[in-house]
Amino acid sequence: MTALNRVPSLMVRASTASALTIAAVGGSIVAPGFAPEAEAATPATKALQVAASKKGSPYRWGATGPHRFDCSGLTLYSYKKAGKKLPRTAAQQYNKTRHISAGNRKAGDLVFFHSGSNVYHVGIYAGKGKIWHSPKSGDVVRLQKIWTRSVWYGRVK
């Protein structure tokens, strides 16, 4: 087996000479945009994956999973599975997060919908202006575009 054969085919985007050199000394190649598993598996990333895995689960007021959820029940459940504790309601969750601007939001941050100073709904930011959430009675957990500018963002500590 040659040194080049030991380099994963997806990672051979660096130059061939550098790939051979790295493989010859027993190293590995990290391509731009590929995070090591331990680095990629942040609580926010895990919570986002958990929420997405609940796609199609029915809404039920007061439910915290694992098969039915209200909005804050989904965020509470998702972050609990990621090793973080959140309070029960959307407003309480807002008060426990580090508030951030829309420009600093990242996938996995919480998105709080408000009317004036009253927080009435929460979802998990999925990127590209979309959230995973459990919208309302008669609906299911789903990915949806953020439909209003009356939102605040919070990062779970």
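Author: Buried means under 20% relative accessible area, exposed over 50% and partly exposed in between, with a 1.4 Å probe and protein chains only. This is a predicted model, in which local features need pLDDT of at least 70 and side-chain atom pairs count only at pLDDT 80 or more, while totals for chains, interfaces and linings use all residues. Residues are numbered from 1 along each chain as its sequence is written, and side-chain values use heavy atoms, with hydrogens and water left out.

Reader: Is tyrosine 77 buried or exposed?

Author: The relative accessible area of tyrosine 77 is 14%. The cut-off for buried is under 20%, so tyrosine 77 is buried.

Reader: How is the ring pair of phenylalanine 69 and tyrosine 77 arranged?

Author: Rings of Phe, Tyr and Trp (its six-membered ring) pair if their centres lie within 6.5 Å, and planes under 30 degrees apart count as stacked, over 60 as edge-to-face and the rest as tilted. Phenylalanine 69, at 0% relative accessibility, counts as buried. Its ring centre and that of tyrosine 77 are 5.2 Å apart, with the planes at 65 degrees, so the pair is edge-to-face.

Reader: Which elements hold tyrosine 125 and tyrosine 153, the two members of another aromatic pair?

Author: Helices (H or I, at least four residues) and strands (E, at least two) are DSSP runs, numbered from the N terminus. The rings of tyrosine 125 and tyrosine 153 are edge-to-face, at 6.2 Å centre to centre and 85 degrees between the planes. The pair links distant parts of the chain, 28 residues apart, with tyrosine 125 in strand 3 and tyrosine 153 in strand 6 (residues 151–156).

Reader: How many residues of helix 4 are buried?

Author: The buried residues of helix 4 include Cys71, Leu74, Leu76, Tyr77 and Tyr79. Through contacts (heavy atoms within 4.5 Å), the buried residues of this helix pack against helix 3, helix 5, strand 2, strand 3, strand 4 (130–133) and strand 6. Helix 4 is mostly covered, the buried count being nine of its eleven residues.
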